[in-house]
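Please look over the sequence and the structure below before reading on.

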Amino acid sequence: ILRIENVSAAYGSDPLVLKNISIAVPAGRTVAIVGESGSGKSTTARAVTGLLPPTLGSVIFQGRQLPKKLSERSKEDLRRIQMIYQSPDTSMNPRHTVRDIIGRPLKFYHGITGMKYTKKVIDLLKMIELDESFIDRLPEELSGGQKQRVCIARALAAEPDLIICDEVTSA
């Protein structure tokens, strides 16, 4: 489903952080990248998602090379690869409710609104073992683990083909 071929990447004009990374992720499989802090795990995830465009190499998803930059990817490309970030505190808008956070991909990718939207948000909350009483809470009203589960539900809302988890169990 995903192949990363000889990817190298750098932040700005800094030296390369990744050098010739190649990874294959078959459909229906889980692949873990393990390494010490600073070894490039998060940077690899950013290169795959286009948040940090690779300077060399290619990201091939379901047989098609993806544009390197996030801004050049189609809405469908963005939907199909979702990322759950390491820190839920920095990946959620503190002024948005759980309903808005989980529901944004429902509106953006699927055009879901109204009662169907609310029902889908509640279904996603149940999937992450939170009841519907959480729907109108703000991130500051959640524990670290609850915030991380909301981020998982947000990724699932897009109905992606691939989910990249950057230390998703840290919270």
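## Helix 1 and its surroundings

The buried residues of helix 1 pack against strand 1 (2-9), strand 2 (18-25), strand 3 (56-61), strand 5 and strand 6 (162-165), where helices (H or I, at least four residues) and strands (E, at least two) are DSSP runs numbered from the N terminus, and where contact means heavy atoms within 4.5 Å. The residues of helix 1 that are buried are S42, T43, T44, A45, A47, V48 and T49; buried means under 20% relative accessible area, exposed over 50%, and partly exposed in between, with a 1.4 Å probe and protein chains only. Because seven of the nine residues of helix 1 (residues 41-49) are buried, this helix is largely enclosed by the rest of the structure. Just after helix 1, G50 adopts a positive phi of about 90°.

## Basis of the model

This is a predicted model, in which local features need pLDDT of at least 70 and side-chain atom pairs count only at pLDDT 80 or more, while totals for chains, interfaces and linings use all residues. Residues are numbered from 1 along each chain as its sequence is written, and side-chain values use heavy atoms, with hydrogens and water left out.

## The chain as a whole

The protein chain has six helices and six strands, which follow one another along the sequence in the pattern β-β-α-β-β-α-β-α-α-α-α-β. Of its 171 residues, 41% count as buried, and the C-alpha atoms fill a box of roughly 45 × 30 × 30 Å, taken along the principal axes.

Among contacts between residues at least 6 apart in sequence, 59% join residues at least 24 apart.

## Helix 4 and helix 6

Helix 4 (residues 98-110) and helix 6 (residues 144-157) pack at an angle of about 15°, with their axes 8 Å apart; the axes are lines fitted to C-alpha atoms, for helices over the stretch in contact, and angles run from 0 to 180 degrees between N-to-C directions. The two helices are therefore roughly parallel to each other, a description used for angles under 35 degrees.

The contact is made by V98, I101, I102, P105, L106 and H110 of helix 4, together with V150, A153, R154 and A157 of helix 6.

## The loop at Q86

Q86 lies in the loop between strand 5 (81-84) and helix 3 (88-91), and Q86 is partly exposed, with a relative accessible area of 33%. Although Q86 and C151 are 65 residues apart along the chain, their C-alpha atoms are separated by 9.9 Å.

Terms used: Parallel < 35°, antiparallel > 145°, perpendicular 65-115°, else oblique.
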